[in-house]
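Please look over the sequence and the 3D structure below before reading on. The briefing that follows goes through them topic by topic.

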Amino acid sequence: MRDQASNRVPFDMPDWLAQQTRQHQAQAPYLGLGFAQGQLPDELHNVLRDKLAASAGQFRPEQAIPELATADADFIPAMHFEDPSFNAAICDTLRPAHEAWSGMELIDSACYGFRAYQRGSYLHNHVDRGTTHIISSTICVDSRLDEPWPLYIEDIYGEAHEVNLSPGEFIYYEGARLIHGRPWPLVGDYYVGLFVHYRPVGT
């Protein structure tokens, strides 16, 4: 798929990842929710930005994962910082909003990040863990981009969408069912994301 407006050319999903994605989708519960864009309350976004600023000197290269790569050899794909107690609090704070969107009672599975994608980074299309990442959000905490770096996501009918997120915006989505990624290089200095994941009670 080529975005004619920006001339972005996506990296194709490797064969091993396409097979893994099909297997994960087959095992994951299907809820029919798809995805929806949301906005963080200003107070919560300020908490995230303040934590990001206070932690800037503690970021380290993220451990290599096969879905994440770079088109610019001068940069590593992503820097990472994580404060488990802070992340647990964020996951807890955002749970009611995810319960309201999904219409079900949820249990916290994980909150991951901050992940600071670097110039040239790209994330192959994929799905998330089928047993834990059922109801998820990807949150844009901050960014400095020269051009949009949208999230590619397929809806429940398999139709492709490109969604641009500004700092403070996020997307609810069925992480274990919907194919998603950022399969084109980041053009800019950075994009900082935080990711929260939940599973329904009783699963």
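Predicted model: local features only at pLDDT ≥ 70, side-chain atom pairs only at ≥ 80, totals over all residues.

**Helix 1**

- An α-helix has 3.6 residues a turn, so residues three or four places apart point the same way.

- An open sheet is formed by 7 strands, which follow one another in the order 1-10-7-12-5-4-2, with antiparallel pairing.
- Strand 1 (35–39) and strand 2 (60–61) stand at the edges of this sheet, and because each has a single partner strand, one side of each is left without a neighbour in the sheet.
- Strand 7 (residues 135–145) is joined to strand 12 by 10 bridges, and the two strands run in the antiparallel sense.
- As an example of this pairing, Thr138 has Phe195 in strand 12 as its bridge partner.
- Tyr112 belongs to strand 5, and this residue is partly exposed, because its relative accessible area is 29%, a value that falls between the limits of 20% for buried and 50% for exposed.
- Although Tyr112 and Glu82 are 30 residues apart along the chain, their C-alpha atoms are separated by 7.1 Å.

**Strand 8 and its partners**

- In strand 8 (residues 151–154), Leu151 and Ile153 point one way while Tyr152 and Glu154 point the other way, and all of them are buried.
- Strand 8 runs antiparallel to strand 9 (residues 160–163), and 4 bridges join the two strands.
- Within this pairing, Leu151 stands opposite Val163 in strand 9, and Glu154 stands opposite Ala160 in strand 9.
- The hairpin made by strand 8 and strand 9 has 5 residues between the strands, and in this hairpin Gly158 takes a positive phi near 85 degrees.
- Strand 8 also pairs with strand 11 (residues 180–182), again in the antiparallel sense, over 2 bridges, and here Tyr152 stands opposite Gly181 in strand 11.

**The largest pocket**

- The largest pocket holds about 610 Å³ of space.
- Its lining is made up of 23 residues, and the ones that lie nearest the centre of the largest pocket are Ile65, Arg115, His126, Asp128 and His133.
- Two or more lining residues are given by each of helix 1 (15–27), strand 5 (106–118), strand 6 (121–126), strand 11 and strand 12 (188–200).
- Strand 5 supplies the largest share of the lining of the largest pocket, namely 4 residues.
- When the lining residues of the largest pocket are sorted by class, 10 are nonpolar, 7 are polar and 6 are charged.

Methods:
Residues numbered from 1 in each chain as written. Heavy atoms only, no water. Buried < 20%, exposed > 50% of the residue type's maximum accessible area, 1.4 Å probe, protein only. Pairing = 2+ DSSP bridges. 1 Å grid on protein atoms, 1.4 Å probe; cavity = no way out; pocket = protein on both sides within 12 Å on 5 of 7 lines; lining within 4 Å. Points joined across faces, edges and corners; volume = space filled by probe spheres on them. Nonpolar A, V, L, I, M, F, W, Y, C, P; charged D, E, K, R; others polar.
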